[in-house]
Amino acid sequence: MQQFVNVTLSGLTQGMIYSAFALALVLIWRSTRIVNFAQGSMAAATAFIALAIINAGASYWVALVVALIAGFVMGALVERIIIRPVEGGPELNAVIVTLGLFVAIQALIAIIAGSSFQSFPTPFGVRGFTIGDTTIALTPTSLYVIGSVLVVMALLVALFRFTRTGLAMRASAFGQEVARLLGVRVGRMLTLGWGLAAVVGSLSGLLIAGGGFVYPAYMDSLIVFGFVAAVLGGLDSPIGAIVGGLILGLALSYISGYVDRGSALVNVSALVILMVVLLVRPGGLFASSTARRA
Amino acid sequence: MSESKTPAPAAGPGRTTEELIEEAPFTATAAANVPSAQAAGGRSFLPKSTLLRHLLIVLLSAVGAVILLEVTDPFTNSQLASLTYYAIAAGGLTVLTGLNGQISLGHGALMAVGAYTTALFLQTERGEDPLPLPLILLVSVLTATVVGALVGVAAARLHGPYLAGATLALAVGLPGLAVYFQGTFGGDQGLRVRAPQPPDVFTNFIDLVSGASATGTKWLAYLGTICLLITYFLLANLMRSRIGRTWRAVRDQEVAAELAGINLGTWRVLAFVVSAAAAGLAGGVMALVVRLAAPTNFTLVLSLALLTAIVLGGLGSLLGALLGSALLVFLPPFVTDLGADLGLDSTEAAQIAPLVYGVVLIVAMIFAPAGFVGTLRLRWMTARAKRATAGRAADRG
C-alpha cells in the first residue's frame with residue numbers, strides 16, 4: 001500500500017512535468033501545425049542559462065525568471081528566423097528543420113557548457129513529508145512542481161480566455177486568412193505563440209532538472225514523453241495534453257516501480273503506449289474533431 | 001530528341017532556376033522523379049536497358065572502389081569501411097523518405113537490430129566455427145526486415161510529424177531493450193564482435209591486384225563495398241521499376257494513387273520494409289567494422305546524421321545518399337581538428353560535428369530543399385529546357 005501511494009505520487013509529479021512539456025508542443029501545433037522537436041534542446045539551453053546564473057551567486061528565483069525570459073526570446077527568435085521560411089510548406093521540411101535545430105542547439109550547449117553531468121539545485125527540500133511514522137514520496141519540491149505547472153496553466157487559460165491578445169492568437173490559429181482580413185497581425189501572434197510555448201517548455205525543463213543533474217541531452221527522453229502525452233491527448237487539445245501527461249506519468253511510474261529493473265523499460269514502454277494509441281485512436285483519447293486522415 | 005519528352009512537368013521551358021527552387025516541395029520531388037538520361041532521350045553512352053545500365057555502373061564502381069582502396073592508406077581504408085555502412089543505411093532511408101515521403105528517425109534503431117543480430121551469431125563457443133558471414137548478414141537483414149515490417153505497419157497510418165515522433169520514440173526506446181536484457185545483449189557494455197578472418201580467395205585477389213598485405217581492415221572495407229554495391233544495385237533497380245513509380249505516386253498524390261487502385265498502406269509498409277532491410281545490413285557491417293554492438297553506438301544522433309546525409313545529398317537520390325555519407329565520415333575528423341585548434345578540449349570538439357549536421361539540415365531545408373544532387377539536376381534540367389526553347393525560337397525565326 002505504501003509503495004502504491006509513493007509510486008502514484010511520483011507518477012503524478014512526473015506527469016505534471018510531461019503535461020507542461022506536452023502543452024508547449026500543443027501550443028505550437030495549434031498555431032503553426034508544426035511539432036517542435038527542438039523544444040527539448042531549447043529548454044535544456046535555458047536550464048543551462050539558469051545554472052550559470054545560479055553558479056554566479058544569484059538566487060534560484062532570479063535564475064528562474066531570467067531563464068524563462070531567455071526561453072521566450074529564444075522561442076520568438078527561432079520562429080521569426082528559422083521556422084517562418086518553412087511555415088505552410090510541406091510538413092516534412094518543417095519536421096527536418098526542427099530536428100536540425102534540435103541537434104544544433106544540443107551540440108552548442110555541449111560545446112559551451114561541456115557534456116559532463118552538473119547538479120541542478122532546487123529551492124525546496126527533496127525529503128518526503130512524514131505522516132505518522134511513514135515517509136511518503138511527496139516532497140516540498142514535488143509540491144512546488146505541481147503548483148508551478150498549475151499556475152502556468154491557469155495563466156495560459158486566462159490569457160486565451162479573457163484578453164484581446166489571447167483572442168487574436170486563437171483567431172490566427174483557427175483561420176489565418178480570416179484573422180488577417182479582420183486585422184489581426186497573424187505573424188506577430190505566431191511569434192508570440194512560439195515564445196509562450198518556449199516559456200512553458202523551459203519551465204518543464206527547469207522543473208525536471210531540479211534536484212537532479214543536467215547534461216546537454218537530458219531532455220531527450222522528455223521530448224518523447226511530451227510527444228506521447230500530446231498525442232494521447234490528440235495533439236490539438238490543451239486539456240488533452242495535460243490529462244495525457246498525467247496518464248503517461250502514472251503509467252511509466254507504475255512500470256518502473258513494479259517491474260523488476262523496470263527503469264530500463266521506461267522508454268520502450270512510452271514507445272509501446274504511443275504505438276497503441278496511434279493504432280487504436282489516431283486522433284487521441286479526446287479528439288474533438290472526427291479522426292483526421294492519418 | 002523530341003520535345004514531348006521534356007523530363008518533368010516542373011521543368012517546363014522558360015522558367016528560371018530561382019522559380020524552380022522556390023517551389024520547393026514539387027521541385028524537390030521532381031528532382032527525384034527525373035527519368036534517367038536514357039529514358040529522357042538524351043545522348044548517352046550507356047546501354048538502353050535499365051538492368052544492363054545499372055550492371056555496367058556497378059561494374060565500373062567496383063573497379064573504381066578497388067583502385068581507391070588499393071591506393072589509400074589503412075586509415076583511409078577503415079574510414080571507407082565506415083562510409084559503406086553509412087551509405088547502405090542512407091540509401092535505404094532515401095528510398096523511404098525521398099521516394100515514398102515517409103520520414104524515419106528510427107533507422108539508427110533498425111541498424112542496432114542488424115548489428116546485434118550479427119554480433120550474436122558471431123559469438124560462438126571456443127573452437128566452434130560461426131556460420132558463414134554472408135549467411136549471418138542475411139539473417140541480420142531478415143531480422144531488421146521483420147522489425148521494420150512491425151514498425152512499418154504502424155508507420156503506414158501516420159504522416160509527417162506523427163511519423164517523426166513515433167520513430168523518434170523508437171530510436172530512444174529500442175536501445176533500452178539491450179540494457180534490460182543484459183544477459184543476452186551485454187547491457188551498457190554491449191557485445192564485442194570478433195571479426196572473421198579474410199578468406200583465402202580475398203588474400204589471393206589482393207596479391208594479384210597490388211601485392212599489399214590483405215589485412216583485416218582491408219577485408220572489412222572490401223566486404224562493406226560489396227554489400228554497398230549489391231544494395232545500391234538492388235535499390236536503383238527498384239527505384240526505376242514499377243514499384244518505385246508506385247511509391248512516387250503514393251508520395252505525391254494519395255487520392256489519385258488510390259483511384260488508380262493502389263493500396264496506400266501496403267506500399268508504405270513495403271517501402272519501410274525495404275528501407276529496414278538496408279538498415280539491417282548496414283548495422284551488420286557496422287558491427288563488423290566497429291567490432292562492437294553497444295547501445296551508445298545507436299543514439300538518436302546516428303539517426304539524425306543519416307537524415308542529414310540524405311537531405312544534404314538530395315532526397316531520393318542514391319548518389320546523394322553516398323555523397324552525404326561521405327560527409328558523415330570525413331567531416332567529423334576535419335571539424336574536430338578545427339575545434340582543437342580553436343582551443344576546445346576533445347569532448348567539446350567532438351560536438352562540432354553534430355552542430356554542423358544540425359546547421360546543415362536547417363540551411364539545406366530553407367535554401368536548397370532539393371539537396372546537392374537535386375539542385376544540380378534542377379540546374380541541368382533548366383539549362384536544357386532553356387536550350388530547347390531557344391532552339392525552337394530559332395526554328396520559328
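Analyst: Axes are lines fitted to C-alpha atoms, and angles run from 0 to 180 degrees between N-to-C directions. The model is predicted.

User: How are H5(A) and H6(A) oriented to each other?
Analyst: Helix H5 (residues 140–162) and helix H6 (residues 164–174) of chain A have axes that come within 5 Å. They cross at roughly 80 degrees. Angles of 65 to 115 degrees count as roughly perpendicular. H5(A) and H6(A) are therefore roughly perpendicular.

User: Which residues of H6(A) make the contact with H5(A)?
Analyst: H5(A) brings Leu159(A), Phe160(A), Arg161(A) and Phe162(A). By class, the contact has four nonpolar, two polar and two charged residues. The H6(A) side is Thr165(A), Gly166(A), Met169(A) and Arg170(A).

User: In chain B, are H3(B) and H10(B) roughly parallel or antiparallel?
Analyst: H3 (residues 50–71) and H10 (residues 216–239) of chain B pack with their axes 10 Å apart. The angle is about 165 degrees. Angles over 145 count as roughly antiparallel. H3(B) and H10(B) are therefore roughly antiparallel.

User: Is the crossing of H3(B) and H10(B) left-handed or right-handed?
Analyst: Residues of H3(B), including Leu51(B) and Val58(B), meet residues of H10(B), including Tyr222(B) and Phe233(B). The residues of this contact divide into ten nonpolar, five polar and one charged. The crossing is right-handed.

User: Which helix gives the largest share of the side of chain A that touches chain B?
Analyst: The contact takes 44 residues from chain A and 43 from chain B. On the chain A side, H4 (91–113), H9 (220–232) and H11 (266–280) each supply at least two residues. That side has 33 nonpolar, eight polar and three charged residues. The largest share, 16 residues, comes from H4(A).

Terms used
Residues numbered from 1 in each chain as written. Chains lettered and ligands numbered in written order. Predicted model: local features only at pLDDT ≥ 70, side-chain atom pairs only at ≥ 80, totals over all residues. Helix = DSSP H or I, 4+ residues; strand = E, 2+ residues; numbered from the N terminus. Parallel < 35°, antiparallel > 145°, perpendicular 65-115°, else oblique. Left-handed = near helix turned anticlockwise from the far one by under 90°. Contact = placed C-beta atoms within 7 Å. Nonpolar A, V, L, I, M, F, W, Y, C, P; charged D, E, K, R; others polar.
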